[in-house]
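Here is a short briefing to read alongside the coordinates. Keep the viewer open and follow along topic by topic.

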Amino acid sequence: MRLLIVEDEPGIALVIEDVAIDAGFEITGIAGNMSEALEFGSDADIAIIDVRLGDGLTGPSIARALFSGFGLGVVYFTVIPGLVENPEGRAVVTKPASPERIVDALSMAAKNARTHRVASRPTFH
C-alpha cells in the first residue's frame, strides 16, 4: 500500500516514514502543505495528515481534497483531536503516538481504501 505523509515537521515525518516502511508501506512522498500533497496524491493509496500545518488548520481541507480527487484513505495525526471535525469517521491518531497505534490506523485506512475501490469499481456487462 502506497502512503503519502503530510507533515510539516521533518523529524515527525521521518519517524512516520520509518514506522510505515517497517510495517511494509511504500512512501510516495512527504508533503508540508496543500499544493505538495496534491502533487503527490495521485501516486498514493492512503495519507496520514497533520491537522495543523505551518499554514494553519489545513489538514481537514487537504484530507477532503485527497479523498475527493484521488480516493485516498485518510488518517488524521494531531496533538489536539478536538480540532478535527470528522463526519467521515476517519482514524485520528493523537501525537505523540506509539508505532503500533500509527500502524493500526494506517492498516485500517488501507483496508477502507481497498473496500472503497472495490465498491466504486465500474461494472461492465
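Helices (H or I, at least four residues) and strands (E, at least two) are DSSP runs here, numbered from the N terminus. This is a predicted model, in which local features need pLDDT of at least 70 and side-chain atom pairs count only at pLDDT 80 or more, while totals for chains, interfaces and linings use all residues. Residues are numbered from 1 along each chain as its sequence is written, and side-chain values use heavy atoms, with hydrogens and water left out.

**A cis peptide**
- Pro96 sits in the loop between β5 (91–94) and α4 (99–120).
- The peptide bond joining Lys95 and Pro96 is cis, with omega about -15°.

- Strand β3 (residues 46–50) has 5 of its 5 residues buried, so the rest of the structure largely encloses it; buried means under 20% relative accessible area, exposed over 50%, and partly exposed in between (1.4 Å probe, protein chains only).
- In a regular strand the side chains alternate between the two faces of the sheet.
- Both faces of β3 are covered, with Ile46, Ile48 and Asp50 buried on one side and Ala47 and Ile49 on the other.
- Two strands count as paired if DSSP finds at least two bridges between them.
- Strand β1 (residues 2–6) runs parallel to β3 and is joined to it by 4 bridges, with Leu3 opposite Ile46.
- Strand β4 (residues 73–78) also pairs with β3 in the parallel sense, over 5 bridges, and here Gly73 is opposite Ile46.

**Ile46 up close**
- Ile46, in strand β3, is buried, with a relative accessible area of 0%.
- Not counting residues up to four places away in sequence, Ile46 touches several residues, including Met1, Phe25, Leu72, Leu106 and Ala109 (contact means heavy atoms within 4.5 Å).

**Nonpolar cores**
- A nonpolar core is a set of buried Ala, Val, Leu, Ile, Met, Phe, Trp, Tyr and Cys residues joined through side-chain atoms within 4.5 Å.
- The largest core has 20 residues, and those with the most contacts inside it are Leu3, Ile46, Ile48, Val75 and Leu106.
- At least two residues of this core come from each of β1, α1 (10–22), β3, β4, β5 and α4, and the largest share, 6 residues, comes from α4.
- A second, separate core of 16 residues includes Ala31, Leu53, Ala63 and Tyr76.

**Helix α3**
- β3, helix α3 (residues 59–70) and β4 form a right-handed β-α-β unit: with the strands pointing away from the viewer, the path from the first strand over the helix to the second runs clockwise.
- Gly59, Pro60, Ile62, Ala63 and Leu66 are buried in α3.
- Seen down the axis of α3, its buried residues fall within an arc of 160°, so they line one face of the helix; the arc is that of the directions from the helix axis to the C-beta atoms.
- Exposed residues Ser68 and Gly69 are on the face of α3 turned away from its buried side.
- β1, α2 (34–41), β3 and β4 are among the elements covering the buried residues of α3.
- Gly71 follows α3 and has a positive phi, near 70°.
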